[in-house]
Amino acid sequence: RPATKTKGGISVEVYEYILVYTDDLLVIACEPKGVLLKVDKYFHLKPDSVGEPDIYLGSKIRKVQCGDSMAWAQSSSAYVKDAVKDAEKWCHEHGFKIPAKVKIPMSSTYRPELDVSEVLSQEYASWYRSSIGTIRWACELGRVDLSTETSMLASHMMQPWVGHLMALLQVFGYLKSHHNACLVHDPRYSEIDHSKFLKADWVDF
């Protein structure tokens, strides 16, 4: 909903949001507690649940200093470590191993669509699909650095190959080595000098 916020003596229009996922609510507003109290009139909220968020849908949330202002940051470290632990358990039971000290989630020369290795068995393919879902949720929790690789591997969920599984294990290896990523939601507006951009009529090109 639209709202008015006063900043530096100037009133500006902003939007307030209520994020709902089943029974989890996250309010982004000028006065979030007031919004939650209004919701509580219709849907009873646990008294100790009304307050500043510390975790939402598996993502750890905290305030950080961002320049001269405060910002909210989210980290999926706990979720990622649990996901890697489950993947390592599966690998141990099936004779695979997650690579260590991985610096990049996928080799720049690997093309999943050109993979000509063997087709995975139904059991392995099922775990592959489930694990793609796990990493997709990590992307939702802020691991946007894996979006491209996850999409590339997800396009082969119908019939994954051995090479795709190996690439997936490398992604898990990357997560193991880089689990503590943090996404900061910078509230500041970027100052853009429009004079730096070429002004042209595209019809002339």
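Predicted model: local features only at pLDDT ≥ 70, side-chain atom pairs only at ≥ 80, totals over all residues.
Let's begin with W90 and W127, whose rings are stacked, with 4.0 Å centre to centre and 10° between the planes. This pair links distant parts of the chain: W90 sits in helix α2 (residues 77-94) and W127 in helix α3 (residues 122-140), 37 residues apart. W90 is buried at 9% relative accessibility, and W127 is buried too, at 13%.

F172 is buried, its relative accessible area being 1%. Stepping back, ring pairs join W90, F96, Y124, W127 and F172 into a cluster.

Staying in helix α5 (residues 162-177), we come to L175, which is buried with a relative accessible area of 2%. Beyond its neighbours within four places in sequence, L175 is in contact with V80, V84, I135, R143 and L146.

Finally, the cysteines. The model has zero disulfides. The sulfur of C30 has its closest cysteine sulfur in C66, and because 19 Å separates the two, they are too far apart for a bond. C182 is in no disulfide either; its nearest cysteine sulfur, again that of C66, is 11 Å away. Both C30, at 32% relative accessible area, and C182, at 38%, are partly exposed.

Note on methods. Residues numbered from 1 in each chain as written. Heavy atoms only, no water. Disulfide = S-S within 2.5 Å. Buried < 20%, exposed > 50% of the residue type's maximum accessible area, 1.4 Å probe, protein only. Helix = DSSP H or I, 4+ residues; strand = E, 2+ residues; numbered from the N terminus. Contact = heavy atoms within 4.5 Å. Phe/Tyr/Trp six-rings, centres within 6.5 Å; stacked < 30°, edge-to-face > 60°.
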